[in-house]
Protein chains: 4
Amino acid sequence: MPTFALGHNQYGKAETRIVRVTRGPGGDGLTDLNVSVALRGDLAASHLTGDNSAVLPTDTQKNTVYAFAREHGIDDIESFATRLARHFVGSQPSIHGARVTVEQYPWQPVDGAHTFRRDGGEVRTATVHHDAARTQVVSGITGLVLLKTTDSEFHGFVKDAYTTLPETRDRILATSVNATWRHDGAVRDDYATARAALLDAFAGTYSLALQQTLYAMGAAVLAACPGVVEVKLSLPNRHHFLVDLAPFGLDNPNEVYYAADRPYGLIEGTVRRDDDVAEEVVWSF
Amino acid sequence: MPTFALGHNQYGKAETRIVRVTRGPGGDGLTDLNVSVALRGDLAASHLTGDNSAVLPTDTQKNTVYAFAREHGIDDIESFATRLARHFVGSQPSIHGARVTVEQYPWQPVDGAHTFRRDGGEVRTATVHHDAARTQVVSGITGLVLLKTTDSEFHGFVKDAYTTLPETRDRILATSVNATWRHDGAVRDDYATARAALLDAFAGTYSLALQQTLYAMGAAVLAACPGVVEVKLSLPNRHHFLVDLAPFGLDNPNEVYYAADRPYGLIEGTVRRDDDVAEEVVWSF
Amino acid sequence: MPTFALGHNQYGKAETRIVRVTRGPGGDGLTDLNVSVALRGDLAASHLTGDNSAVLPTDTQKNTVYAFAREHGIDDIESFATRLARHFVGSQPSIHGARVTVEQYPWQPVDGAHTFRRDGGEVRTATVHHDAARTQVVSGITGLVLLKTTDSEFHGFVKDAYTTLPETRDRILATSVNATWRHDGAVRDDYATARAALLDAFAGTYSLALQQTLYAMGAAVLAACPGVVEVKLSLPNRHHFLVDLAPFGLDNPNEVYYAADRPYGLIEGTVRRDDDVAEEVVWSF
Amino acid sequence: MPTFALGHNQYGKAETRIVRVTRGPGGDGLTDLNVSVALRGDLAASHLTGDNSAVLPTDTQKNTVYAFAREHGIDDIESFATRLARHFVGSQPSIHGARVTVEQYPWQPVDGAHTFRRDGGEVRTATVHHDAARTQVVSGITGLVLLKTTDSEFHGFVKDAYTTLPETRDRILATSVNATWRHDGAVRDDYATARAALLDAFAGTYSLALQQTLYAMGAAVLAACPGVVEVKLSLPNRHHFLVDLAPFGLDNPNEVYYAADRPYGLIEGTVRRDDDVAEEVVWSF
C-alpha cells in the first residue's frame, strides 16, 4: 500500500444527553442538553499505527460533561461549552483544539414546583471553537417554525425556457428558522433578545422575497445584540400551494392550502456587522 | 392458485396536509391538519378481479378534504372528521364504513395579525368511525412530554432471578403522553379541559408507579369531561438515570442525570366510566 | 375524585437492542434484534394504590432477554419470542399473558469470517401472544420496497363530484410492503418462503388495482406456506406522477416521474385460508 | 435600522425527487434520485430591496432537473450534477456559481423485466461545485453500515481524572460509513471501485483504533482510484457493550451485546494523495 498524507482529522463523543435538576424552595430548575465534543491535535499516530497514547477516550469526554455539570453547574450553554472546550485543550498536551456543540431543549414549568412540560419545536444551540489562537462562540436557534398568512409577494424574477411559475402578489410565507449568531469574543447570553429580533423581523417585514426577509432577520439580530458580529440564516421555504377548487365549483380566496413536503426552496445567507468581520472558523466534514 | 377468502380490508388516502386560513379584521386564524381516510365496503371485486366499479379513488378523497374545508369550514377536528366520514358513507352505496383520523398541529399567534409560530411538540388528534350502526368519536393528544423532578418512587416489586434493579424512593418520572378519550356519542370540543386534566393529574399525583399516575390521569379526564366514557393512555417511561460521579470524587444528590433513549418501559392502560362501557371499535391492521 | 373502572392494561420493556455473535471456525454468525415485551395480569393494585407486589420490573424483562440469549441461544425469532413469552407467564403467578415482539435487522457476511454489512431496508418481524388459552405466532416483514415500471392500470372507478383523477392504462406501481402472516399454532421458520412468495406475486401480477396485487400477495403466501392461516397486508401506494414536460417542448413517454411523499393511498387487507379461521388476538392501544 | 453587510449567500431548490425509467427489450432501468441545487451570484438586490430581477426561481431549477433527465438522460450522477451546474452558471449572467448535490437510492432488479426492490441502507452521493474557476466533483457513499465481530482492540490511551473506560483487547467495531472522495477534475464513475476498497479495508484491517481503520479506508480508496485526490470519512463509533450476565450466574464470552444509541464516538478524518492537494471548496452554512 502506498503512503498517503493524513489531513484534517478530529474525534470526540457526540450526543451526550444530560439533564440537570437544581432544587430549591422556590421550585426546581431543569436543564436538558445534548452535548457533542470534537477534538483536534497530535493524533497522527492513532491513525497511522494505532498508537493511542495521545487519545483521550471519547468515553472520558462523556464523563467530563457529567462531572462538570456537577462541579461547575450549567449556567448558559455558551459558558458551559466554553468551559469544556478550554478544559480539553488546557489539560491535554496532545489536544490543540476543541469544538463543543450544545443543543438545549426548552421546558416550561407546569406547577412552579416539580413538574415541567417540554416546549417542543425550537432548540437553542451553541458552538464553541477553542484553541491557542481564539475562543469563538456562536449561538443559535433551530426549528423555530414561522408562517405569515399574507404580506408576501414574489415576482419580477428571471424567466427562462424552464420557467412556469406564475408571479404572485399574495402568498403564504413559511419557514423553519435555523439561525446562528457569532459573538465578538465575550460570552453573552442574548438568546432571548436574538430570538425576539428574529420573530419581530419575520413578522414586521413586508416580503418581496424570502431573501429580503432573511436579510431583515439577520440585520435585526445585529441591531439588537451589540456583541454579535455575524448572523447566518438557513431558511427552508415551506411551500403552501393554494388548492384549485374550481373543478368542484368552488372559489378559493386564499383560504385552503396544500402544505408540501418536498422539494422546497432553501434560502441561506449571512449578514455581518461590517465587511471587516473575520471569517468564522468552521470545522467542516 | 387455490382460492382463499378475503377478510377485513380497507383503503383510503393517508396524510393529506391541509392548512386553512380565515381572514378577519381582528387577525387571521390558522388551522393546520393532517387528514387520513380509510373506507370499508363492497370492495371484494377490486381485490379479486381488479374491477374498480365500487372504488372511490383515494385521490377523490383528498379532493373532498380540501373542498369540504372551503364549503363547510373547519370548526373542531372532531366535527370536521365526522362530516367527512358521513359524506363518504352517505354518498357512496358501496362504502359502508369510514374512519377519518385528523392530527392538528398547534400554532401560536405572534403579532395578533398575520404571523404565527408553530407550537411544536404536542399534537391534537381525533378519530371518527362511522357506519350505519354508530358514529364513534375519539379525541386525543400525542407528544405531550412531561417530567417530574421528584415525588416518584418505585419499590415493592417482584424480584426474580433476573432482577437487578434497586428500589428507589426518589426518581425522575418522565413520559410522552399519548392519550385518547372516547365520547359517548355527541361531538364535544373538550380538548382544553382534557389536556388540563392530564397535566394536573400528572403534576398532582405522588407516584409509586407510572401505572398509578396513568390511572390518575385517566380518571381525571373522566371526572372533568362528563361526555367521555373511556380514556386510553400509552405512556413510555423515559428513563433518567442518576450518573455515578463517585469515580471522580463527586457526590450526585439527585442533580445530574443521563436521559436514555432505549430501551424504555411502556405502560398502557384504559380507564372507563364504569364496567358497562361498550367496546371501542378499532380498525386494526 | 369519583371511582372509575380500570380496563385493559399492559406494561413491559420496549426496544431492547440485542446483538448476539456466534463464533466458529467457519465464520461468525450475527443476530441483531429489537425486542419488546408487554405483560398483562393482576395489575390493578399498581394502578389503584401503587402497590407493585405483582409487578415484574421492565428492567428485569430486559435482563431476561439478554440472559435467555446466552442460556438458550437465538434460533429463529419466532422461537425466541415464544420462549420469552412462556417464561414470563409461566414463572410469575400474577402475569397471565405476554406479548413479545421482535424485529430482526438483516446483515450480510462480507468476508465469510468476521465482517458484516447491514442489509438495510426490510426488517423481519415476529409477534407472539401467549396465555393459558393459546400461543399465537405471527411472522412478518416490513420495509420491503417494491416498484413495477409498468403492467399496472387504474380505471373503471367511481366518479363523483370531487373526482378529477384521470384513468390510466399504464402507471408505475410502488409500495413499501408491511405484511404479517399468522401460523396455525406450530412455530415454523418460513420467512424465506413467504418473502419469495410476496416478491413473486408483486412481480407476476398484472395489476388493475393495488387491491388486486394485495390479494395476490396474500394468496401467494398462503399457497406457499401450508402452516399459515391468515395474511395481513398494509400497502402504501407510493405515487409516482409523470412530469408534464410539454411546457419545455418535450414529450414524456413514461420516462420521468416525480416521487411524491404525501398524501399517499393506503391499501390494507386480509387474506385467509378459509372463512373459518379464528380471529387474531391483537392487544391494541 | 442601521445598515449591515450582506455576506455569503446562496439559494436553490432542495430535494427534488426524480425517478427515471429507461425501457428496453432486455429489461427496464431505474434511476432514483434526490437532487438539491444551490446558486450564488449577484443576489444582493433580492436581499436588500426585494428586487428579484437576478433570481432564477427555485421552481425553475426543479423544472430543469426534470427536463434535463428527459433531454440528456441520466448516466452517472456526477455527470448529471455537472451538466446541471454548468447550465445554471452558463445560462444566467447573474449566477456565478452552482452546487448540485445528488443522492441516488439503489434498487435491485427482481425479475429482469419490470420489477425492482429498493436495496435499502447505503446511498450513493455526488456533489459538484462549478464556477468560472473550476468544476469540482466529489463522490460519496452514506449509510453503509459495517460491523466486525473481533480483530478490534482499544488500549494505551490517555487516562485522566475522568477516565473510567477499561482497556480492551477484543471488542465489536461497528460504524455507519459516510465517505466522500474528491476527483482531480475529470468526472469518473468509480463508485463500485471505491465502495469495494472501503469494504475491503474495513474488513482487512486489524484495528487498534477506529482512527486506524479510518486511515486505512481512505488510503484504500486513493490506492484503488487513481483520479481521486482526497477522501473524507466521518465514522460514528456504534458502540456495542458486552452485557454483564454475572448477576444471573452466566458468563458472557463475547457473545451477547447491547447496541447503544447515544452517545457515540464520532471519528472524522481526511486522507490525501499528498500534501499539495488543493483545499476542497465547501459552501458551508
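## Interfaces and selected residues of a four-chain predicted model

Helix 5 of chain C is mostly covered, with 13 of its 15 residues buried; buried means under 20% relative accessible area, exposed over 50%, and partly exposed in between (1.4 Å probe, protein chains only). The model is predicted, so local features need pLDDT of at least 70 and side-chain atom pairs count only at pLDDT 80 or more, while totals for chains, interfaces and linings use all residues. Residues are numbered from 1 along each chain as its sequence is written, chains are lettered from A and ligands numbered from 1 in the order in which they are written, and side-chain values use heavy atoms, with hydrogens and water left out.

Helix 5 of chain C runs over residues 210–224 and spans 21 Å from its first C-alpha to its last. This is close to the 21 Å expected at 1.5 Å a residue, where the expected span is 1.5 Å times one less than the number of residues in the helix. Helices (H or I, at least four residues) and strands (E, at least two) are DSSP runs, numbered from the N terminus.

### Chain C and chain D

Copies are superposed by least squares on the C-alpha atoms of residues with pLDDT of at least 70 in both. The same surface serves both copies, since 100% of the contact residues of chain C recur in chain D; contact means heavy atoms within 4.5 Å.

The contact joins 53 residues of chain C to 53 residues of chain D. Together the two chains bury about 4500 Å², 59% of it on carbon and sulfur atoms. Buried area is the accessible area (1.4 Å probe) that two parts lose on being put together, summed over both. Arg70(C), Thr149(C) and Glu255(C) supply 16% of the area that chain C buries against chain D, more than any other three residues.

There are 8 salt bridges between chain C and chain D, a salt bridge being a side-chain nitrogen of Lys or Arg within 4 Å of a carboxyl oxygen of Asp or Glu. In one of them, Glu255(C) pairs with Arg70(D), the closest N and O atoms being 2.6 Å apart. Elements that each supply at least two residues of the side of chain C that touches chain D include strand 2 (16–22), strand 8 and helix 4 (191–204) of chain C. Helix 2 of chain C gives the largest share of that side, 6 residues.

### Chain A and chain D

Chain A can also be laid on chain D, with an RMSD of 0.0 Å, by a turn of 180° and a shift of 0.0 Å along the axis. In chain A, the C-alpha nearest the axis is that of Ser284(A), at 3.8 Å. Here again 100% of the contact residues of chain A recur in chain D.

The contact takes 78 residues from chain A and 78 residues from chain D. About 6600 Å² is buried between these chains, 56% of it on carbon and sulfur atoms. Arg262(A) forms a salt bridge with Glu15(D), with the closest N and O atoms 2.8 Å apart. Strand 1 of chain A contributes the largest share of the side of chain A that touches chain D, 10 residues.

| Chains | Type | Count |
|---|---|---|
| Chain A and chain D | Salt bridges | 2 salt bridges |
| Chain A and chain D | Polar contact (both at pLDDT 80 or more) | 37 residue pairs |
| Chain C and chain D | Salt bridges | 8 salt bridges |
| Chain C and chain D | Polar contact (both at pLDDT 80 or more) | 27 residue pairs |

Gln136(C) lies in strand 8 (residues 134–148) of chain C and counts as buried, at 5% relative accessibility. Its side chain reaches the backbone nitrogen of Val281(C) at 2.9 Å. Beyond its neighbours within four places in sequence, Gln136(C) is in contact with residues including Thr127(C), Arg182(C) and Glu279(C).

Thr142(B) is found in strand 8 (residues 134–148) of chain B and is partly exposed, with a relative accessible area of 26%. Its C-alpha is separated by 4.3 Å from that of Asn178(B), 36 residues apart along the chain. Leaving aside neighbours within four places in sequence, the contacts of Thr142(B) include Gly121(B), Val123(B) and Asn178(B).

How values were computed. Polar contact = N/O pair within 3.5 Å; in protein donor to acceptor, adjacent residues only side chain to side chain.
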